[in-house]
Amino acid sequence: MRRCLKCSAKSVVYLPQHRLALCKEHYLEWYLKRVEDTIKEFRMFDRTNRVLVAVSGGKDSLSLWDALLSLGYKMDGLYINLGIGHYSELSRKVCEEFAKSKKAVLHTVELEKDMASIPSLKEMEKRPVCSLCGQIKRYYLNRYARELGYEVIATGHNLDDETATLFSNTLSWQLEYLKRQYPVLSEGNGFVRKVKPLFKMSEKENALYAFLRGINFVEEECPFAEGASSVEYKRLLSQIEEKSPGTKLRFYTEFIRRVHPILKQEGGVPIGACSVCGEPTTSDVCSVCRLKARLSLGSSSSSPSS
Ligand code: SF4
Ligand code: ZN
Ligand code: ZN
């Protein structure tokens, strides 16, 4: 049995990539400090900013919300009900209970009321459901954060998510996507600033934080997750990580330190406002409004409920 490196008590975890064994108290302290240091290192936000955290009911987003509240940041939540049957119902309940226990504000967007549920859209569209779902979530997050007056959107993307995306974008040399892969995306052109304060924390580290803090999160995966290519990339990268601890963190941090600055010099594609809804887009009408038009719902919209 390893002993905590800070106090010699019985450890609850050994983090091989950091060669660190910690007890419960010192793990929670280490986790919060690492999140706080990341926020400061990348100048994500400060305690005067109004921040909206995107919550799904999973361990990552609820750990993020909990950690940021514990660190004293002003932080409300936004839950997008994707209408994925039992999974969405459970996620919604867990987010509402969490918000209530923290006396925090939770805004909810009902996708089915505004356009259609993800399962219905999946039937209509040919492309992979996760790419469609990701695009829709980004759209609603940005739109409601701006309309509700938030300056920053924080998401619970972890190291496993970020390295799987980096790996996928590198395999196909998606330069436009690689340019946008950074822990902070600046505000401007209709975009609210987006930040990923947990990008250095692994899935396991977030799960342990949630467990030790007694957070009730949804363990069930979205039924559409299994077929996603990102799941396979995560599996592959975890095999490498097991043999060589620290690989994921090095892969990602060296990308943002050495490669991203070069890609950034090229500049991005020009952004305008959607002629229907006003959200930022690279074409005349944004992809969500085009989807709505196909659903024959026009551009009618609803406001999030709190
Ligand atoms: Fe959406 Fe895919 Fe995530 Fe399910 S797994 S919530 S469909 S992105
Ligand atoms: Zn200790
Ligand atoms: Zn639009």
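This is a predicted model: local features need pLDDT of at least 70, side-chain atom pairs count only at pLDDT 80 or more; totals for chains, interfaces and linings use all residues.
Biologist: Which protein atoms are the donors of the zinc ion (ligand 2)?

Modeller: They are Cys4 (SG), Cys7 (SG), Cys23 (SG) and His26 (ND1), at 2.1 to 2.3 Å from the ion. Along the chain, these donors follow the spacing C-x2-C-x15-C-x2-H.

Biologist: Why is the arrangement around the zinc ion (ligand 2) tetrahedral?

Modeller: Ideal angles for four tetrahedral donors are 109.5 degrees. Around the zinc ion (ligand 2) the four donor atoms subtend angles of 98 to 113°, so the arrangement is tetrahedral.

Biologist: Is Cys23 buried or exposed?

Modeller: Buried means under 20% relative accessible area. Cys23 has 7%, so Cys23 is buried. His26, with 11%, is buried too.

Biologist: What are the donors of the zinc ion (ligand 3)?

Modeller: Cys274 (SG), Cys277 (SG), Cys286 (SG) and Cys289 (SG) lie 2.3 Å from that ion, with the sequence spacing C-x2-C-x8-C-x2-C. Their angles run from 107 to 113°, which makes this site tetrahedral. Cys274 is buried at 5% relative accessibility, whereas Cys277, at 27%, is partly exposed.

Biologist: At what angle do helix H1 and helix H2 pack?

Modeller: Angles of 65 to 115 degrees count as roughly perpendicular. H1 (residues 24–41) and H2 (residues 59–70) pack at about 85°, their axes 10 Å apart; the two helices are therefore roughly perpendicular.

Biologist: Which residues meet there?

Modeller: Tyr31, Leu32, Val35 and Ile39 in H1 meet Ser63, Ala67, Leu68 and Ser70 in H2. Six of the contact residues are nonpolar, two are polar and none is charged.

Technical notes: Residues are numbered from 1 along each chain as its sequence is written. Chains are lettered from A and ligands numbered from 1 in the order in which they are written. Side-chain values use heavy atoms; hydrogens and water are left out. Donors are N, O and S atoms within 2.8 Å of the metal (3.2 Å for Na, K and Ca); water is not among the atoms, so sites may look incomplete. Four donors count as tetrahedral if all angles lie between 85 and 135 degrees; four count as square planar and six as octahedral if opposite donors are over 155 degrees apart and all others between 65 and 115; anything else is irregular. Buried means under 20% relative accessible area, exposed over 50%, partly exposed in between (1.4 Å probe, protein chains only). Axes are lines fitted to C-alpha atoms, for helices over the stretch in contact, and angles run from 0 to 180 degrees between N-to-C directions. Helices (H or I, at least four residues) and strands (E, at least two) are DSSP runs, numbered from the N terminus. Angles under 35 degrees count as roughly parallel, over 145 as roughly antiparallel, 65 to 115 as roughly perpendicular and the rest as oblique. Contact means heavy atoms within 4.5 Å. Ala, Val, Leu, Ile, Met, Phe, Trp, Tyr, Cys and Pro count as nonpolar, Asp, Glu, Lys and Arg as charged, and the others, Gly among them, as polar.
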